[in-house]
Amino acid sequence: MKKIVTLLFVLFLSLSVNAQQKKSFDDAVKTLNLPKETVSKLQEVNTERNVKAKEIVAMKLNKEDQKTKMRELAKATYPKISGILGKAKTKEWSAYWRK
């Protein structure tokens, strides 16, 4: 009986994990149907943001300070993305990541 209950529990957990949608840069680009020039510019901004985010993590700050630094990074990155995408596509981009 314990084995059956455990099996059902594991099955339930695996189903719920699979049901979660994983978001990626590539999926966002496909969803918004962006031209190659725009994608390359976004990749540059995204790479720059990732490098800076890794630097923040490497600082080994406490969680609150790290969260603050990441928010500052996001606020600095958003205008760059908005400048590349334009107003309408920026709204779609933000909506994709909020889903």
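Buried residues (under 20% relative accessible area, with over 50% called exposed and anything in between partly exposed, using a 1.4 Å probe and protein chains only) make up 19% of the 99 residues in the protein. The model is a predicted one, so local features need pLDDT of at least 70 and side-chain atom pairs count only at pLDDT 80 or more, while totals for chains, interfaces and linings use all residues. Residues are numbered from 1 along each chain as its sequence is written, and side-chain values use heavy atoms, with hydrogens and water left out.

As for the fold, there are five helices and zero strands, which read along the sequence as α-α-α-α-α. These elements are DSSP runs numbered from the N terminus (H or I for helices, at least four residues; E for strands, at least two). Contacts (heavy atoms within 4.5 Å) reach well along the chain: among those between residues at least 6 apart in sequence, 61% join residues at least 24 apart.

Two packed helices are described by the angle between their axes and the distance between the axes. Here the axes come within 10 Å and cross at roughly 170°. The axes are lines fitted to C-alpha atoms, for helices over the stretch in contact, with angles running from 0 to 180 degrees between N-to-C directions. H3 and H4 are therefore roughly antiparallel to each other; that label goes to angles over 145 degrees, with under 35 being roughly parallel, 65 to 115 roughly perpendicular and the rest oblique. On the H3 side, the contact involves residues including Leu42, Val45, Arg49, Ala53 and Ile56, and on the H4 side residues including Met70, Leu73, Thr77, Ile81 and Ile84.

H4 itself has 23 residues and spans 32 Å from its first C-alpha to its last, close to the expected 33 Å. That expected span is 1.5 Å times one less than the number of residues. Its buried residues are Leu73, Thr77, Ile81 and Leu85, and they pack against H3 and H5. Thr77 counts as buried because its relative accessibility is 7%. Leaving out residues up to four places away in sequence, Thr77 touches Val45 and Arg49. Tyr78, also in H4, is partly exposed at 44% relative accessible area. Tyr78 and Thr90 are 12 residues apart in sequence, with their C-alpha atoms 9.0 Å apart.

Thr90, Trp93, Ser94 and Tyr96 are buried in H5. They cover an arc of only 155° around the axis, which puts them on the same side of H5; the arc is that of the directions from the helix axis to the C-beta atoms. The face turned away from this buried side carries the exposed residues Ala88, Lys91 and Arg98. As for partners, the buried residues of H5 pack against H2 (25–32), H3 (36–58) and H4.

Then there are the aromatics. Rings of Phe, Tyr and Trp (its six-membered ring) pair if their centres lie within 6.5 Å; planes under 30 degrees apart count as stacked, over 60 as edge-to-face and the rest as tilted. The count by this rule comes to three aromatic pairs. One of them is Phe25 with Trp93, whose ring centres are 5.9 Å apart and whose planes sit at 75°, so the pair is edge-to-face. This pair links distant parts of the chain, with Phe25 in H2 and Trp93 in H5, 68 residues apart. Both Phe25 and Trp93 are buried. Trp93 also forms an edge-to-face pair with Trp97, at 6.0 Å centre to centre and 65° between the planes. Being four residues apart in H5, Trp93 and Trp97 are separated by about one helical turn. Trp93 counts as buried at 9% relative accessibility, whereas Trp97 counts as partly exposed at 36%. Phe25, Trp93, Tyr96 and Trp97 form one aromatic cluster.

Finally, the loops. Asn33, in the loop between H2 and H3, has a positive phi of about 55° although it is not a glycine, and at 65% relative accessibility Asn33 counts as exposed. Lys60, in the loop between H3 and H4, likewise has a positive phi, near 55°, in a residue other than glycine. Lys60 is exposed, with a relative accessible area of 73%.
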